[in-house]
Structures are given as C-alpha cells and as structure tokens.
Amino acid sequence: MKRPFEIVFLSGKGGTGKTSITGAFASIAGNAVFADCDVDAADLHLILSPVIYHEELFSGGKKARIQPQKCSQCGNCIKLCRFGAIEKDKDLFIIDEYACEGCGLCLYACLSDAITIESNDSNRIYFSKTRFGEMVYGKIGIAEENSGKLVSKIRKYAKQTAAINKADFILVDGPPGIGCPVISSITGTNLVVAITEPTSSGWHDLQRLILMIRQFHTPIQVIINKYDLNPVMSTEIENNLKKMEIPVLGKIPYDEKIVHALIDGKAFPECPFLNEITNKLIIMWNNIKSKVYEPKSI
Amino acid sequence: MDFKPLYEYIQKERIPLLGSIPFKKEYAMTYSQGDILPEKNDELRDEFIRIIKKYAS
C-alpha cells in the first residue's frame with residue numbers, strides 16, 4: 001500500500017505563522033489527515049474547529065502521591081526533596097504536582113510507606129473530524145514532561161487514521177524550537193516546510209532548525225512569511241538559502257487583514273479578502289504535490 | 001484590536017491590564033530590523049513609560 005506523504009511545518013522561532021499556514025494548506029490539501037504536534041500550545045484546532053469522536057489518555061511523567069492515613073509526619077520527604085515539591089499544610093503533607101519531578105526519592109525515604117509514584121493522567125489525545133478532513137491532536141497538562149513522546153504517539157495515530165481513510169497526505173503542525181518535541185515531529189517525515197520571517201530572530205532560529213534537520217537528512221523547503229516587512233532581509237535570507245541549496249517554496253506578504261481570519265477561526269482560503277495570499281498558497285501546494293520524495297528509511 | 005473574550009477573561013480572573021500595544025505594520029517593520037520599539041516610536045514609548053510607572057507605584 002502507498003504510504004501517505006507526511007509534511008511537517010516547523011519554524012524554529014515562534015510566531016512566524018506556522019499554524020496559520022498549516023491550516024491554510026489543510027483547507028486546500030484534499031485527501032489529507034492533520035496532526036497538531038505543538039502539544040505544549042496546540043492551536044490548530046482553533047482554525048479547523050474539530051469535532052472530537054474519540055479521546056484517549058496519555059500517561060506522561062510520574063508524580064509522587066502521599067496517602068495521609070499512612071503518613072507519620074516524620075518530615076523526611078520534605079527534608080530530602082530537591083524540588084521543594086512537598087509542603088506541610090497544618091497536619092497534612094502535600095505534593096505540589098507542578099513542582100514534583102517524579103524522581104521517587106521520597107518513596108525510599110518514607111518511613112511509613114505512605115508514598116506511591118503514579119502516572120499522571122492530565123494528558124489527552126483527541127481523534128476528530130474537521131471540515132477538511134480528520135485530525136489527531138493532543139494536549140499536555142500544565143508542567144508535564146514527555147511532550148516528545150506525546151508527539152510520536154499523535155503521529156502514529158495520524159498515520160493509522162490516514163491508512164483507514166486512504167489519505168494521500170499527512171500535514172503536521174510542529175512545535176517551535178529545536179528541542180525534543182520538534183525532533184520527535186521530524187523523524188521519518190517526507191518533507192519539512194520551514195516557515196520563517198525576515199527578522200533577525202526568524203533567520204537566526206531558522207539556521208539552527210536547518211542544522212538540526214540536516215541530521216535527519218529530511219528534505220527542507222522554506223516559506224518566507226511577511227517577506228515585505230523587510231525586503232532587504234528577505235533577499236539576504238533567499239541568497240543564503242540558495243548557497244545552502246535549500247529551495248524557497250514561496251513568499252507571503254504581510255497583510256493586516258490576516259488577523260481577521262485568525263480572530264474568526266478561519267483558514268486563509270476561506271476568506272475572500274485574502275485571495276491574493278490564497279493564490280500563492282495554491283501555487284506552493286501544487287509545487288509540493290509535483291515533487292516526489294522517497295520516504296526516508298531510518 | 002477588539003477581541004472581547006480576552007478582555008472578559010482577564011476581568012473574570014482579576015488579572016490587571018498593565019497596558020496595551022496596538023497592532024500595526026509599522027511596529028512589525030521596526031522589530032524586523034532588530035530595532036527596539038520604544039526607541040523608534042514616541043507613542044509606544046509613552047505607553048511603555050506608563051506601564052513602568054504602574055509597576056513602580
């Protein structure tokens with residue numbers, strides 16, 4: 001069976017337009033499945049307004065729990081916890097869930113077996129339908145770790161969903177930065193579309209991203225968003241990318257009207273006032289479609 | 001920018017509004033050049049000074 005072509009949208013820097021552009025491509029991609037892998041701040045659903053049909057728990061990190069009826073209040077745990085995660089409130093010893101790293105030291109230090117280490121259950125994975133196709137996304141609880149693990153799970157489910165729906169594409173909205181969840185959203189994908197902007201930080205963070213992606217030998221294409229904010233810088237970025245042999249997929253102008261699409265929760269192509277940008281995006285999408293990348297084996 | 005849910009939310013949660021910065025292409029251009037906004041724009045400098053004063057008081 002033909003494997004769907006998996007494209008991940010990344011940027012390095014936050015705020016360059018990753019999610020808006022992923023949402024826009026989602027609306028014109030045709031037979032595709034979407035995955036929001038920016039699990040620390042999942043936002044794609046704001047544009048795609050999914051209807052959830054299945055929800056799953058994702059156990060992330062572990063946390064200590066104290067059973068008050070067993071606790072002898074010896075205070076060992078408070079003394080030893082390096083994260084200051086245990087507090088005494090009157091006669092009760094309480095774990096601060098956000099501060100606890102789940103290291104388990106208190107478990108061994110407890111004289112009365114009152115402490116257990118449990119998997120937390122504040123992370124969720126959602127299976128949903130949107131007006132453009134099916135979407136899998138996740139939400140990580142506050143101060144939870146393991147977002148990289150959650151990303152790989154979401155991608156796995158997106159692939160299964162794509163197989164069931166015989167989808168041609170998987171569009172992945174990736175997280176910002178170059179850390180664990182980003183690496184987790186790149187491995188084994190067919191193409192990275194990096195969204196940048198002509199700012200010092202946009203270019204700086206893109207270079208770091210490119211260095212990282214090259215470790216995976218995944219093909220990269222770049223979209224320069226808001227290119228007309230700083231045409232000199234845009235040209236500089238283009239020239240530098242040329243030297244690096246990285247193609248520029250397209251350039252999108254800065255348009256104050258975009259903000260209305262964002263406030264209304266609409267994809268750009270759904271807004272008649274963004275026709276000019278939509279036409280550019282269609283050209284870019286056709287360009288992506290016309291190129292065949294062999295799936296990378298790891 | 002008039003995005004009501006935001007204002008309603010901070011009011012409900014009793015989070016003080018320190019100041020507000022308008023959405024302007026001009027600011028985005030300043031930022032893209034690596035310039036510091038209050039240095040290039042008087043209106044914004046006044047707003048930042050107002051915010052600092054609120055902190056100081």
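A salt bridge here is a side-chain nitrogen of Lys or Arg within 4 Å of a carboxyl oxygen of Asp or Glu. This is a predicted model, in which local features need pLDDT of at least 70 and side-chain atom pairs count only at pLDDT 80 or more, while totals for chains, interfaces and linings use all residues. Residues are numbered from 1 along each chain as its sequence is written, chains are lettered from A and ligands numbered from 1 in the order in which they are written, and side-chain values use heavy atoms, with hydrogens and water left out.

**View 1. A salt bridge joins Lys25(B) to Asp228(A).** Their side chains meet at 3.8 Å, N to O. Across the interface of chain B and chain A, the rule finds one such bridge. On the side of chain B that touches chain A, you will find six nonpolar, three polar and two charged residues (Ala, Val, Leu, Ile, Met, Phe, Trp, Tyr, Cys and Pro count as nonpolar, Asp, Glu, Lys and Arg as charged, and the others, Gly among them, as polar).

**View 2. Chain B meets chain A through 11 of its residues.** Their partners are 14 residues of chain A, where contact means heavy atoms within 4.5 Å. The two chains bury about 1,100 Å² between them, 63% of it on carbon and sulfur atoms; buried area is the accessible area (1.4 Å probe) that two parts lose on being put together, summed over both. In chain B, look for Phe23(B), Lys25(B) and Ser32(B), which lose the most area to chain A, together 49% of what that side buries.

**View 3. Helix α2 of chain B, residues 25-32, holds several buried residues.** Tyr27(B), Ala28(B), Thr30(B) and Ser32(B) are buried, meaning under 20% relative accessible area, with exposed over 50% and partly exposed in between (1.4 Å probe, protein chains only). Their cover includes α7 and α8 of chain A, together with α3 (37-40) and α4 (42-56) of chain B. Helices (H or I, at least four residues) and strands (E, at least two) are DSSP runs, numbered from the N terminus. Just after α2(B), Gly34(B) takes a positive phi of about 75°.

View 4. Most residues other than glycine have a negative phi. Is His217(A) buried or exposed? His217(A) is exposed, at 57% relative accessible area.
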